[in-house]
Amino acid sequence: MSPEALHTLLALCVVSAGASVARAQIREKPLDPIEGEAGKDVIWVPTPAALVEKMLDMARVTPQDYVIDLGSGDGRNIIAAAKRGARAVGVEYNAKLIEVSQRIAAREGVDDRATFLQGDLFEADISQATVLTLFLLPETLRRLTPKFLALKPGTRIVTNRFGIDGWDADEIGRIGGDSASCCTALLYIVPSAV
């Protein structure tokens, strides 16, 4: 083999190896959620961290609570609740967001208390919840209202921005921020006046 042919062959091997490494790095790169990412019935819009904490404060989440988030997105509500010692379950349709949630929970050291299930928020069993955290559109909340009414008296439901039609909020909290649409939390105690 001529020196030029050997040089060309070596160059091709280096390029091929480099491409294999790049493909492997792309596959190993963690998935990052994209705001507005579609699920089955909702799109993912992240709740600001300050509002997550406000919602959990309003619901008075403790280690004795069982927190469920329907449409849990990247898991931020569930992870924050687990950091307070609560057992917490997120129900999310989008498998990519479940993977992101599990990765973040493990990184934050709460994967023993934070569980993420892929599923339909309308089919989820919420009967054992002591707290529900929700960032859902009014129509979705309306469809879930019969499930809310079946919860144990004293269960706390805290929503981001949108209220439950026909229910009066027991408490309204606000945080400062650029977006009026994502800066209000509403707390309901079951049974609420309907």
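Which residue lies over the face of phenylalanine 122, and how far is it from the ring centre? Arginine 143 does, at 3.8 Å from the ring centre. For a charge to sit over a ring, NZ of Lys or CZ of Arg has to be within 6 Å of the ring centre and within 35 degrees of the ring normal.

1. **Ground rules.** This is a predicted model, where local features need pLDDT of at least 70 and side-chain atom pairs count only at pLDDT 80 or more, while totals for chains, interfaces and linings use all residues. Residues are numbered from 1 along each chain as its sequence is written, and side-chain values use heavy atoms, with hydrogens and water left out.

2. **The overall layout.** The protein chain has 5 helices and 9 strands. Helices (H or I, at least four residues) and strands (E, at least two) are DSSP runs, numbered from the N terminus. Read from that end, the order is α-β-β-α-β-α-β-α-β-β-α-β-β-β. Of the chain's 194 residues, 41% count as buried. Here buried means under 20% relative accessible area, exposed means over 50%, and partly exposed is in between (1.4 Å probe, protein chains only).

3. Searching the whole structure turns up 10 salt bridges. Each is a side-chain nitrogen of Lys or Arg within 4 Å of a carboxyl oxygen of Asp or Glu. Take glutamate 171 and arginine 60, whose side chains meet at 3.5 Å, N to O. Glutamate 171 is in strand β8 (residues 171–174) and arginine 60 is in the loop between α2 (49–58) and β3 (66–70), so this pair ties together parts that are 111 residues apart in sequence. Glutamate 171 has 27% relative accessibility and counts as partly exposed, while arginine 60, at 53%, counts as exposed.

4. **A buried pair.** Now look at arginine 156 and aspartate 65, a salt bridge with its closest N and O atoms 2.8 Å apart. Strand β7 (residues 156–160) holds arginine 156, and the loop between α2 and β3 holds aspartate 65, so parts 91 residues apart in sequence get tied together. Are these two buried or exposed? Arginine 156 is buried at 16% relative accessible area, and aspartate 65 is buried too, at 5%.

5. **Aromatic rings.** How many aromatic pairs does the structure hold? There are 2. Rings of Phe, Tyr and Trp (its six-membered ring) pair if their centres lie within 6.5 Å; planes under 30 degrees apart count as stacked, over 60 as edge-to-face, and the rest as tilted. Phenylalanine 148 and tryptophan 167 have ring centres 6.4 Å apart and planes at 75°, so they are edge-to-face. Phenylalanine 148 is in helix α5 and tryptophan 167 is in the loop between β7 and β8, 19 residues apart. Both are buried, phenylalanine 148 at 0% relative accessible area and tryptophan 167 at 7%. Tryptophan 167 also pairs edge-to-face with tyrosine 188, at 6.0 Å centre to centre and 75° between the planes. Tyrosine 188 belongs to strand β9 (residues 184–189), 21 residues from tryptophan 167, and is buried as well. Together, Phe148, Trp167 and Tyr188 form a cluster linked by ring pairs.

6. **The second largest pocket.** About 190 Å³ of space lies in this pocket. On a 1 Å grid over the protein atoms alone, a pocket is an open set of points where a 1.4 Å probe fits, with protein on both sides within 12 Å along at least five of seven lines; lining residues have an atom within 4 Å of a point. Grid points are joined across faces, edges and corners, and the volume is the space filled by probe spheres set on the points. The lining includes Thr47, Glu53, Arg76 and Lys83. Helix α3 (76–83) and α2 each supply at least two lining residues, and α3 gives the most, with 4.
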